[in-house]
Amino acid sequence: MSKFEFKAIGTDWVIDIMDYLSKDEEAVLLDKIKKRAEEFDITYSRFRGDSLVTKMSKTVGEYTLPDDADKMISIYKKAYDLTHGLVTPLIGQVLVDAGYDEKYSLVKREMTIPKKWEEVMEWKNPILKMLEPSILDFGACGKGYLVDIISEIIEHDGIKSYTVDGSGDMRQRSVEGIELRVGLEHPDDKEKVIGVIEIKNQSLCGSAGNRRKWADVHHIINPETLSSPKHILAVWVIADDTITSDILTTCLFFVSPEILQNDFKFEYLVLNNDFSVSKSEGFEVELFNS
């Protein structure tokens, strides 16, 4: 068994590989993973002055995006449409003004409702045309998508049993059918869990307002009200891939599961602000009383 622990895109990553790898094979694979994560970061990060996203925030025009862009922008557009614009990459400037900026100042300034998708950008793979400068934020599914990209690198090397964990956004694969037991973090105490669930050849993502919270907001902000949802404490989603799990955790802060179920296959658990739970039948969790 091999274990990789490293930092990328501003967060901690842990990769467990159950297949045998020699030391040389470990080194080569880890190098490929780190380089790919850096490529992703320098394209999509709004926290870097040298990223493509930062360039697009300053100058109008047509930008050629990497091959991986179409899947991410397409799922964003679907989420945007299903939530009537509440999940949008155009939330970037709102997050910056709220204090979630490149310096993590956490100091709120005056916030402005972002414009509509069609007013700011046009997507025709691989060209993203910026009609006006705007700070895009791909945080609703970027980390989940990178989990999938890294998983593809691992599988390309013939590895069949592994777990990729990008700070809670995780994908597990096992040819033996071994399940991964995962604790669901308590939103008021990161040292506790509200329950545990087992995943097998699936992806699991969670989102809550407790980790990135300041003033009266957290990292999920409604672009119409310019406030963070308070009726939900946390959301967890299981899907076949991590990009889907990731973006749906944000969608479920704004719309009911029924709105999403015609377009996505997933299981979910929503923890409400009174600690009541709503979940799908297939989210087979063991919940604790306290």
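The structure is a predicted model, in which local features need pLDDT of at least 70 and side-chain atom pairs count only at pLDDT 80 or more, while totals for chains, interfaces and linings use all residues. Residues are numbered from 1 along each chain as its sequence is written, and side-chain values use heavy atoms, with hydrogens and water left out.

**Overall build**

The chain has eight helices and 16 strands, where helices (H or I, at least four residues) and strands (E, at least two) are DSSP runs numbered from the N terminus. For 290 residues, a compact globule would have a radius of gyration near 19 Å, and the chain agrees with this at 19 Å; the radius is taken over C-alpha atoms, and the globule rule is 2.2 Å times the number of residues to the power 0.38. Of the 290 residues, 52% are buried, a word that stands for under 20% relative accessible area, with exposed meaning over 50% and partly exposed in between (1.4 Å probe, protein chains only).

Helix 7, residues 242-251, is mostly covered, since ten of its ten residues are buried. The elements that cover its buried residues include helix 3 (69-82), helix 6 (142-156) and strand 13 (232-239).

Leu86 lies in the loop between helix 3 and helix 4 (92-98), and is buried with a relative accessible area of 14%. Beyond its neighbours within four places in sequence, Leu86 is in contact (heavy atoms within 4.5 Å) with Asn222, Pro223, Glu224 and Phe254.

**Salt bridges**

The structure holds 22 salt bridges, each being a side-chain nitrogen of Lys or Arg within 4 Å of a carboxyl oxygen of Asp or Glu. Three of them are listed here.

| Asp97 | Arg109 | 3.6 Å |

Glu286 counts as partly exposed at 43% relative accessibility, whereas Arg181 counts as exposed at 51%. In the other two pairs, Asp97 is buried at 12% relative accessibility, and Asp169 is buried at 3%. Elsewhere, Glu38, Asp41, Arg48 and Asp50 are linked in a network of salt bridges.
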